[in-house]
Amino acid sequence: MTDNQTLPNLPYFVVDAFTHKPFSGNPAAVCILTEAKADDWLQKVAAEFNLSETAFLWHEHNNQWKLRWFTPKCEVKLCGHATLASAHVLARELKLQHAEFVFSTLSGKLTAKVDEQAITLNFPKVEPKLFSGIYLHNDNVGIKELNLDIVAAYQAGEDIIVELAHEDEVLNYSPELDKLAKIETRGLIITSPGKNADRDFVSRFFAPRYGINEDPVTGSAHCSLAVLWSKKLGKSSLRAEQLSERRGFLELGVYHEHVSLIGESKTFSKGNLAQ
């Protein structure tokens, strides 16, 4: 089939991920394809949905699926909430009878284990690397221009983590997107310890360079956040909340070679792509 031919109707679902109730968590579009499509077409569909991530799935064999993720502007190497949404669609909407789904992605093989209530993702473990004070005060970096009272900052894969002292600082931060966009990173994460006993730490995530001013709940960011707070708090099982306007919750496990992200999800809408 060429781009000039009429495409068949293809099912899509919009799923709120990392939440147990609608209108919260992080919405992702999940499109079920019958075969691979041109990158340009995938990007146009993602731009049309205009959500932080659109996932495209097509079946390879048995319980294994090809999975790609696109923001409204570009393809990304790893996305947690759209992977959770994809597993949700396969298990809850398409009713496929597998206890585990395997996804072939730009980040290698990822797995999603499904039970009656939640889905557990096994994701790569990302070790945060502490920045020196000299780096933080380098005019070319741009972090000091954010006017944050920084406890420490870390490189975490494609992201930068900025640690703050108090949860209220994370909650009340008003992002200056023009300054954030000048920092050469996929996303900037701000984080602090939780002030309530029901969660160990909190965070927010900004990625204006990727067309996402603020992401509601960022699973991939917790591949490094879980490692950071596991070391700081001396525990391997953690509970996290992302303090976006929509909010979202994750249960996290830190293991020798991977991080587990556990979350719930709700279908918001479904339909078909007409072209």
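Buried means under 20% relative accessible area, exposed over 50%, and partly exposed in between, with a 1.4 Å probe and protein chains only. Helices (H or I, at least four residues) and strands (E, at least two) are DSSP runs, numbered from the N terminus.

This is a predicted model: local features need pLDDT of at least 70, side-chain atom pairs count only at pLDDT 80 or more, and totals for chains, interfaces and linings use all residues. Residues are numbered from 1 along each chain as its sequence is written, and side-chain values use heavy atoms, leaving out hydrogens and water.

**Stop one: strand E2**

Select residues 26–32, strand E2. Seven of the seven residues are buried, so E2 is largely enclosed by the rest of the structure. Look at one side: Asn26, Ala28, Val30 and Ile32 are buried. Turn to the other: Pro27, Ala29 and Cys31 are buried too.

**Stop two: the neighbours of E2**

Two strands pair if DSSP finds at least two bridges between them. Find Ala17; its bridge partner in E2 is Asn26.

Ile32 has Leu57 of E3 as its bridge partner. Next, show helix H1, residues 39–49: the chain passes through H1 from E2 to E3 in a right-handed β-α-β crossover (with the strands pointing away from the viewer, the path from the first strand over the helix to the second runs clockwise).

**Stop three: helix H6**

Select residues 222–233, helix H6. Nine of its twelve residues are buried, among them His222, Cys223 and Trp229. Then click Gly234, which follows H6 and has a positive phi, near 70 degrees.
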